[in-house]
Amino acid sequence: MTADIIDGKAFAARVRGQVGEHVARLKEEHGLTPGLAVVLVGEDPASQVYVRSKGKMTTEVGMKSVEHKLDAATPEADLLALIEQLNRDKTIHGILVQLPLPKHLNEDLVINAIDPAKDVDGFHISNVGLLGTGQKSMVPCTPLGCLMMLRDYHGSLLGMDAVVIGRSNIVGKPMAQLLLGDSCTVTIAHSRTRDLADVVRRADIVVAAVGRAEMVPGDWIKAGATVIDVGINRIELPDGKTRLVGDVDFASCAAVAGAITPVPGGVGPMTIACLLANTLTACCRANGLAEPEGLTA
Ligand code: NAD
């Protein structure tokens with residue numbers, strides 16, 4: 001194996017440490033405690049795990065953590081009323097509605113009801129527009145985490161060829177905007193891309209956000225390229241046990257790449273660290289204070 005392993009777990013711990021120090025200073029110098037409210041509708045087991053771990057880490061960095069768990073059958077009007085209440089709450093600086101929502105709820109309507117300044121997931125249409133036009137916004141946590149790792153590893157990304165595989169609103173599209181913002185030449189590939197292997201072979205940076213276990217083989221990767229694997233896929237092993245794998249075939253890609261993120265322990269931990277960073281940023285902005293350095297796009 002030749003590639004450097006980009007240790008997202010260690011990096012995320014460092015980011016959380018920086019957030020924690022900044023939070024302590026906010027408390028001491030301004031009497032402020034950043035607050036994050038997480039809203040969970042229904043009993044999706046994966047969502048419950050995410051929400052629990054978000055709450056725990058929020059408290060660990062010294063922030064206020066509030067969880068609202070609503071019944072799966074909650075009417076849309078009740079959810080919107082809760083969001084309105086959180087929008088008005090001065091002790092809450094970040095609001096996150098855990099997705100996916102039960103089918104009877106309109107996700108776009110719900111997300112766009114969040115005050116854009118408190119939209120720490122960066123999914124509100126205003127934040128999407130601000131990011132797309134290169135203006136200050138709340139940036140989606142997963143792509144922000146990928147960008148931080150890339151900047152940390154390379155310093156400048158200027159002029160690099162980047163290929164993002166996947167065009168979702170949550171990962172692929174904002175990732176491409178961020179890479180463009182850092183002056184990469186960006187290609188977005190997707191399920192209808194012709195000759196994906198050829199497209200990926202051009203890339204100095206590959207970000208795989210597809211949701212298909214180990215679909216990118218090593219012979220698609222240019223020698224020395226940096227591979228960021230966003231995918232989280234659970235596969236069943238011959239002995240009946242399960243294992244988490246990414247969207248890239250780690251062993252064959254690591255043999256040719258210059259650097260690669262593992263799954264687990266790569267992008268995943270950075271996502272929650274960036275959620276905390278975004279909550280801190282939102283709190284600073286809401287109070288007219290300087291933003292934390294190195295923790296925004
Ligand atoms: P999505 O299903 O919304 O989007 C997948 C994208 O992949 C689509 O744009 C589609 O066009 C593209 N695609 C599908 N099949 C393809 C193919 N054969 N070739 C090329 N492109 C193809 O998924 P998402 O929400 O963007 O998530 C992608 C993956 O990232 C999932 O595995 C998800 O679990 C993971 N994820 C991880 C984190 C994290 O914190 N690490 C956060 C969000 C998502």
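How many disulfides does the structure hold? The structure, which is a predicted model, holds 0 disulfides.

**Cysteines**

- The sulfur of Cys-253 has its closest cysteine sulfur in Cys-146, at 15 Å, which is too far for a bond.
- Cys-253 counts as buried, because its relative accessibility is 0% and the term covers residues under 20% relative accessible area.
- Cys-284 likewise takes part in no disulfide, the nearest cysteine sulfur being that of Cys-283 at 5.7 Å, whereas a disulfide would need the two sulfur atoms within 2.5 Å.
- With a relative accessible area of 0%, Cys-284 is buried.

**Nonpolar cores**

- The largest nonpolar core has 54 residues, and the members that touch the most others in it are Val-19 and Leu-179.
- Two or more residues of this core come from each of helix H1 (8–30), strand E2 (35–41), helix H6 (141–154), strand E5 (161–165), helix H7 (172–181), strand E7 (205–208) and helix H10 (267–286).
- Among the contributors to this core, H10 supplies the largest share, with 11 residues.
- Because domain 1 (29–115) and domain 2 (141–268) both give residues to this core, it lies between the two domains.
- When neighbours within four places in sequence are left aside, Val-19 is in contact with Val-61, Met-63, Leu-276, Ala-277, Leu-280 and Leu-295.

**Parallel sheet and the helix across it**

- An open sheet is formed by 6 strands that follow one another in the order E1-E11-E8-E7-E5-E6, with parallel pairing.
- Strand E1 (4–5) and strand E6 (185–189) stand at the edges of this sheet, and since each has a single partner strand, one side of each is left without a neighbour in the sheet.
- The pairing of E5 with E6 is parallel and runs over 5 bridges; one of the bridge pairs involves Asp-161, whose partner in E6 is Thr-185.
- Helix H6 lies across E1, E7, strand E8 (226–229) and strand E11 (259–260), and the helix runs at about 155° to E8.

Definitions and conventions: Residues are numbered from 1 along each chain as its sequence is written. This is a predicted model: local features need pLDDT of at least 70, side-chain atom pairs count only at pLDDT 80 or more; totals for chains, interfaces and linings use all residues. Side-chain values use heavy atoms; hydrogens and water are left out. A nonpolar core is a set of buried Ala, Val, Leu, Ile, Met, Phe, Trp, Tyr and Cys residues joined through side-chain atoms within 4.5 Å. Buried means under 20% relative accessible area, exposed over 50%, partly exposed in between (1.4 Å probe, protein chains only). Helices (H or I, at least four residues) and strands (E, at least two) are DSSP runs, numbered from the N terminus. Domain bounds come from an automatic or database domain assignment. Contact means heavy atoms within 4.5 Å. Two strands pair if DSSP finds at least two bridges between them. Axes are lines fitted to C-alpha atoms, for helices over the stretch in contact, and angles run from 0 to 180 degrees between N-to-C directions.
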